[in-house]
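Morning, everyone. I have one structure to walk you through today. Please put the sequence and the model up side by side.

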Protein chains: 2
Amino acid sequence: MNVNLMHGAGGEVMGELLKTLTAFKNNNAGGLGLESLDDGAVIPVNGTNIVLTTDSHVVRPIFFPGGDIGRISVCGTINDLAVMGARPIALTSAMIIEEGFEISGLARIVASMDQALEEAGAAIVTGDTKVVERGSLDGIIINTAGIGIADRPVRDSGLREGDQIIVSGTLGDHGISILAYREGFDLGDQLRSDVAPVWGMVDLALRAGEIHAMKDPTRGGFAAAINEMARKSGVSILLDEEQVPIRQSVRSAGELMGIDPLQVANEGKVVMGVPAADAEAVLAAIRSHPLGRDASIIGEVVTGSDVIMRTSIGGERFIEPPLGDPVPRVC
Amino acid sequence: MNVNLMHGAGGEVMGELLKTLTAFKNNNAGGLGLESLDDGAVIPVNGTNIVLTTDSHVVRPIFFPGGDIGRISVCGTINDLAVMGARPIALTSAMIIEEGFEISGLARIVASMDQALEEAGAAIVTGDTKVVERGSLDGIIINTAGIGIADRPVRDSGLREGDQIIVSGTLGDHGISILAYREGFDLGDQLRSDVAPVWGMVDLALRAGEIHAMKDPTRGGFAAAINEMARKSGVSILLDEEQVPIRQSVRSAGELMGIDPLQVANEGKVVMGVPAADAEAVLAAIRSHPLGRDASIIGEVVTGSDVIMRTSIGGERFIEPPLGDPVPRVC
Ligand SMILES: Nc1ncnc2c1ncn2[C@@H]1O[C@H](COP(=O)(O)OP(=O)(O)OP(=O)(O)O)[C@@H](O)[C@H]1O
Ligand SMILES: Nc1ncnc2c1ncn2[C@@H]1O[C@H](COP(=O)(O)OP(=O)(O)OP(=O)(O)O)[C@@H](O)[C@H]1O
Ligand SMILES: [Mg+2]
Ligand SMILES: [Mg+2]
Ligand SMILES: [Mg+2]
Ligand SMILES: [Mg+2]
Ligand SMILES: [Mg+2]
Ligand SMILES: [Mg+2]
């Protein structure tokens, strides 16, 4: 068997490959390890919960509306820390560069990374650089890893019956924008990536109430994230389509390209489950943050094992876990 | 200006590129940050010294005598933690895979990583997987990052006059073996990579005496590492060529290929500076470990700003900091 593109697309097919890639006997350092397949791992050190996570970034093009590979590299790791409930502290920057790449482009990427670090209150403290021969890589790949500190780690599997499902803003912006840009559609400046570090917003939410489960809906989009949360928590989720925030421009572009905005990556959004008693307070906290102005309560947790969308015309449909994100090299 | 292969070769030329790649204002999380350009960063968390480091691995071929890209990926990060004085705790595994790669090859790589983790007493706790289209990467790249805990962090810049320089074993094995294998030389099974996790050996050394400075001589080899240690410490180093351990097979292959074993990567070795009073005890501790049987005191620290080798015939020559490792894609 050989690897295909869907094996890296964040959906069900990737889950199959992960059985091979996570087959480590040495898979846990005392807290939450690889067995939990969460957004990051938790390592208790002298009573402090250190969260560790990593993401590589292969996005094409490397500069796109709303961001670039540098910004996404910092935000990807910041956001996986944030949805574990961890304040981001320190990140690594590992660049793999093709011979011939322009150094001015690298400077621009570094400046963009620094800007994202500034927004999140984190730092790049160490890194690595490899250069490979022309033709053996198309441009640049950036990996970041990061550590954060979680007073109370939040898992993606903690949903309970009665929890309200909150999304922090409009869905599908990143994936749809990248694809539309690649296809050369001119849809004005409404179609922009949402790539941003969410820690500030998540911090407000954590202070406003209890959060039972949290995840960043990256590759595979909201559909992948919500299904993983439901499956791991052993619950069903009922969603109300009218409450799901999607930009009109994203919806239109998605229809044009035949892509469901719920199945593509977001890079500045959070999905969470909050006990009903805390939901309004958490929602208000999220909305008070610039990144959370379009936040919405979009559904609730019930018994069962499905994700069901109640449509605006009164029907119901399943939101299936996607095989994978339909946009290649989206992050 | 464009990036060339020497920009990734671990020597003086790479130092130039690093000025651009490390130009972060957000470069420190409270301890030792990017400004120190050490093997890893130190982040004090509630009185515990967390060490964070990362390395990407692009070695070709991916399976080579003595190891493979999986083993080197784990050892690279373990060893940068070890030479910071840190016990390795938890690692990340981030794989970037070309479409078409065989899944059985991935399984073999994962098993090799697991074996190295076992030897080091560490775990892979989280990771990431990206797949890119056929032709946009030649096979596989693996990044690992890792955290460790240092009771007393050891820098690469702490050499003091009178310190004895110890190397933990023969130099040049990894780089010379990789190159000889690529060139198709058949030199028997003496030419093998030394790739191994050094923490167990370093732990014994740390318990046996004081270590003023320590580094793993990877890209650019011993010549790059010792020059960096001397420069950062503001000292000179006098080496005794007769004491420098180099395998005869490595020496011969190096001569055949016109490559200096002192300028190529080692992946299971340590260079350290130890106060004279502790040198014999530390040496004995290192030699008591299977990886340290060929350890040797090879020189001493004096005032000045050079690295000088006293040759066996009574002469002296400078060991210059190399422009870069002469073997491309060595790790
Ligand atoms: N090569 C790998 N080795 C070990 N664990 C892996 C590897 N690839 C992924 N994982 C683990 O599988 C889970 C899913 O990984 P994934 O990268 O999809 O998560 P994510 O970072 O939250 O999403 P995204 O990468 O789309 O931002 C995580 O728990 C991750 O640690
Ligand atoms: N892209 C980068 N961004 C930030 N820091 C970097 C980057 N590349 C290298 N560095 C820093 O530069 C210094 C030298 O890096 P280098 O990778 O040569 O160290 P090393 O890992 O000890 O050696 P090797 O990679 O050969 O094993 C380190 O302090 C590292 O943190
Ligand atoms: Mg995530
Ligand atoms: Mg992620
Ligand atoms: Mg490195
Ligand atoms: Mg090092
Ligand atoms: Mg290294
Ligand atoms: Mg990931």
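Start with one contact: a polar backbone atom of Gly127(B) sits 2.8 Å from an oxygen atom of ligand 1. By polar contact I mean a pair of N or O atoms within 3.5 Å; within protein, one must be able to donate a hydrogen and the other to accept it, and residues adjacent in sequence count only if both atoms are side-chain atoms. Taken alone, ligand 1 exposes 610 Å², and the protein buries 92% of that. Those accessible areas come from the Shrake-Rupley method with a 1.4 Å probe; for residues, only the protein chains shown count as cover.

Some ground rules. This is a predicted model: local features need pLDDT of at least 70, side-chain atom pairs count only at pLDDT 80 or more, and totals for chains, interfaces and linings use all residues. Residues are numbered from 1 along each chain as its sequence is written, chains are lettered from A and ligands numbered from 1 in the order in which they are written, and side-chain values use heavy atoms, with hydrogens and water left out.

Back to ligand 1. The side chain of Asp39(A) has an N or O atom 3.1 Å from a ligand 1 oxygen. Asp55(A) places a polar side-chain atom 3.0 Å from an oxygen of ligand 1.

How many residues surround ligand 1? There are 19, and the closest include Asp38(A), Arg219(A) and Asp128(B). Near, here, means a heavy atom within 4 Å. Residues of chains A and B surround ligand 1, so the site is shared between chains. The shell divides into 6 nonpolar, 6 polar and 7 charged residues.

Helices (H or I, at least four residues) and strands (E, at least two) are DSSP runs, numbered from the N terminus.

Now ligand 2. Its site, too, is shared between chains, because residues from chains A and B surround it. Among the closest residues are Thr129(A), Asp38(B) and Thr218(B). Thr218(B) has a side-chain N or O atom 2.8 Å from an oxygen of ligand 2. For the side chain of Arg219(B), the distance to a ligand 2 oxygen is 2.8 Å. Alone, ligand 2 exposes 620 Å², of which the protein buries 93%. In this shell S6(A) gives the most, with 5 residues.

That brings us to the sheet in chain A. Five strands form an open sheet in the order S1-S2-S7-S5-S6, with mixed pairing. Strands S1 (41-45) and S6 (123-132) of chain A are the edges, each pairing on one side only. Pairing needs at least two DSSP bridges between the strands. S5 and S7 of chain A pair antiparallel over 10 bridges. Within S7(A), Ile142(A) is the bridge partner of Met95(A).

Last, a helix. H3 (residues 103-120) of chain A lies across S5, S6 and S7 of chain A, at about 170° to S5(A). Contact means heavy atoms within 4.5 Å. Axes are lines fitted to C-alpha atoms, for helices over the stretch in contact, and angles run from 0 to 180 degrees between N-to-C directions.

Definitions and conventions: Ala, Val, Leu, Ile, Met, Phe, Trp, Tyr, Cys and Pro count as nonpolar, Asp, Glu, Lys and Arg as charged, and the others, Gly among them, as polar.
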